[in-house]
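Have the 3D view open while you read.

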Amino acid sequence: MKIITGLIIIVSGAMIGCTVSKNVLFVDQLDLTQMESGWGENHINKSVDGNPLKIAGKTYERGIGTHAVSKFLINTGGTAVSFDALAGVDDENSKPGTVEFKILGDRKVLWSSGIMKQGDAAKSIHVSLKGIKKMAMLVTDGGDNINYDHADWINPRITYSQTAPMVSSVIQKEYYILTPVNNKPRINGASVVGANPNHDFIFRVPVTGKPPLKVSVKGLPSGLLYDSGNRSISGKAPAKGAYEFLVTAENAEGSVSKKITIRTDKGLSLTPPLGWNSWNCWGLSVDQKKVKAAADAMVSSGLADHGWTYINIDDGWEASERTMEGELLANEKFPDMKVLTNYVHSLGLKSGIYSSPGPQTCGGFQGSYQNELSDARTWAKWGIDYVKYDWCSYGQIAIDQSLPELKKPYELMRKMLDQADRDIVYSLCQYGMGKVWEWGAEVGGNLWRTTGDITDSWNSMAGIGFAQSKSSAFAKPGNWNDPDMLVVGQVGWGPSLHPSKLTPDEQYTHISLWALLASPLLIGCDMTQMDAFTLNLLTNDEVLEINQDALGKQAGLISEKDGIQIWMKPLSDGTMAVGVFNIGTADGTESFNWDDQPNAKKVTVTAEELALKTKFKVRDAWRQTDLGEFTGSFETNVPFHGVMLYRIITQ
Ligand code: GLA
């Protein structure tokens, strides 16, 4: 296990330019990038929406505007005397939210506001911190959900017995790497690839191993050719049927072969799409240079050799005017879409784009309303391989939210894509309305978002991920539930980025859970700035294999007790993937890393839970090591907010 230690030094500016006592440290002087908020961005002296701080009609000058669930851990080192502040729900929202403010110290709740709602006068906090080594500020969702929970801390400050320390807080985060380096040749990715007969076909063969590496491909159907330069197979897909070909990879460490099947009788996305999307990093600031850089980085980082394929442009590429003939155009940030997609294809990768069935996209750009056929043809002409179709302003067009109205725009674009003469993966985005998982396949979607937008907080990621049981039964090859894009690495919704606020353990949970859920995996970070930890998360082939399994089953929750959840995904070779997650309990004290070692929980996984009657072998998927043979049960230690991901093999 390799350990990269990120040392976050938080410098107190308590003495700088302040008229208050030098013994007092205002929390807004600390590095608030480490403060987690359940939605939006934290602001100093402003609400989470950027307005003056206002509670129950009273405006305050100094404080921090945040959003539930909000967390901040401060290393008080045992020398602080007290914490003081006012706290309340900000007035800015038109709908009222409810929250609970808590001050924690060394694993105990020191103060709690009780449930507070919008309009309640700010509550005054004075808490003794004597002897406390670490304190935490927590805003919970008040027991309902985080909607409209805009929360303000007013004048939050820590008083010390002497001058407030210059370095007030040193919080250590261990970005530990579990993915081993594999020098042996390995052929990665899915064992089955879907395409439609006679359409343009492109497939990059994902192979890893110590260079020099020789890759050969045998038995391709006629019409397809392998190019060893970009390791891609391209040409025209064959007539309806199943075609098996053999890939062999050799290097000084050995040789390996794998059969891959091209199916032209089952549609597209026979395993969940693997790729990148611009939204979670660049938001509306996306441009051609950034997309090209992403494509280059997907290859140069090695991600493409692990099966990552799509380079998807989200909202923000569209011009405001169409041509006289009504043809959709890209804006000035994308000088030539055709040239861009050709470039992506030249790397063996695929190109994706975004639109809305409404007149406008969510970002206020041109949508496809009443231009559906023309737009589908334009995308096909550009060489687009994937379309995300986002409801947005279609709300103004739909008569109501009945099922026929919800389905209508998606059925329409399906028909138009069918006329476009190109393999285009169809991604429905309407946030789960009308239980889309029950009819997404019927309207021709290859994937459909089951939730609202994800952010890089535990509450958002876990709130979405662990609520996916509802849709499990509907996932199958060609039709996937989409719990939204990944929030690991440098994210930010553009133009400025920050490291994901998920802890390292939470990031392992995120990737493991999405793999088990057979979710589309769309990287949401700037791939030109990936560190070793992020790359480790995205290049573990045994983890990706769970996601890409050809059986196409989505994991279900098989056990839940004392803050531990076990999820199980049956795999095509008769084995199963099992994730044991430590999601913690509700009082909030567990939400913080009080010790140098993260809180871990001992868990016994029983054969009964796994419905096993015989002996079974257990393999740790992240560490890629066999743990031995067991009967009855096996034990494991699961870090707080972390996961142990296993492959269980029966005799
Ligand atoms: C919605 C979607 C996001 C993103 C934005 C673009 O919010 O859910 O994934 O596509 O629109 O404006």
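This is a predicted model: local features need pLDDT of at least 70, side-chain atom pairs count only at pLDDT 80 or more; totals for chains, interfaces and linings use all residues.

## Around the ligand

Let's start with the ligand.

Some side chains come up to oxygen atoms of the ligand. For Lys-388, a side-chain N or O atom sits 2.8 Å from a ligand oxygen. For Asp-315, the corresponding distance to a ligand oxygen is 2.9 Å, and for the side chain of Asp-390 it is 2.9 Å too. How much of the ligand's accessible area does the protein cover? On its own the ligand has 300 Å² of accessible area, and the protein covers 93% of that.

## Two helices side by side

Now look at helix H2, which spans residues 288-300, and helix H3, which spans 337-346. Their axes come within 10 Å of each other and cross at roughly 10°. Angles under 35 degrees count as roughly parallel, so H2 and H3 are roughly parallel to each other.

Which residues make the contact? On the H2 side you'll find Gln-288, Val-291, Lys-292, Ala-295 and Asp-296; H3 brings Leu-340, Tyr-343 and Val-344. By class, this H2–H3 contact has five nonpolar residues, two charged and one polar.

Most peptide bonds are trans, and most residues other than glycine have a negative phi.

Val-69 is in the loop between strand E6 (63-67) and strand E7 (70-75). Pro-211 and Pro-212 are also joined by a cis peptide bond, with omega about -5°. You'll find Pro-212 in the loop between strand E18 (207-208) and strand E19 (214-218).

Then there's Ala-56: this residue isn't a glycine, yet its phi is positive, near 45°. Look for Ala-56 in the loop between strand E4 (53-55) and strand E5 (58-60).

Notes
Residues are numbered from 1 along each chain as its sequence is written. Side-chain values use heavy atoms; hydrogens and water are left out. A polar contact is a pair of N or O atoms within 3.5 Å; within protein, one must be able to donate a hydrogen and the other to accept it, and residues adjacent in sequence count only if both atoms are side-chain atoms. Accessible areas come from the Shrake-Rupley method with a 1.4 Å probe; for residues, only the protein chains shown count as cover. Axes are lines fitted to C-alpha atoms, for helices over the stretch in contact, and angles run from 0 to 180 degrees between N-to-C directions. Helices (H or I, at least four residues) and strands (E, at least two) are DSSP runs, numbered from the N terminus. Angles under 35 degrees count as roughly parallel, over 145 as roughly antiparallel, 65 to 115 as roughly perpendicular and the rest as oblique. Contact means heavy atoms within 4.5 Å. Ala, Val, Leu, Ile, Met, Phe, Trp, Tyr, Cys and Pro count as nonpolar, Asp, Glu, Lys and Arg as charged, and the others, Gly among them, as polar.
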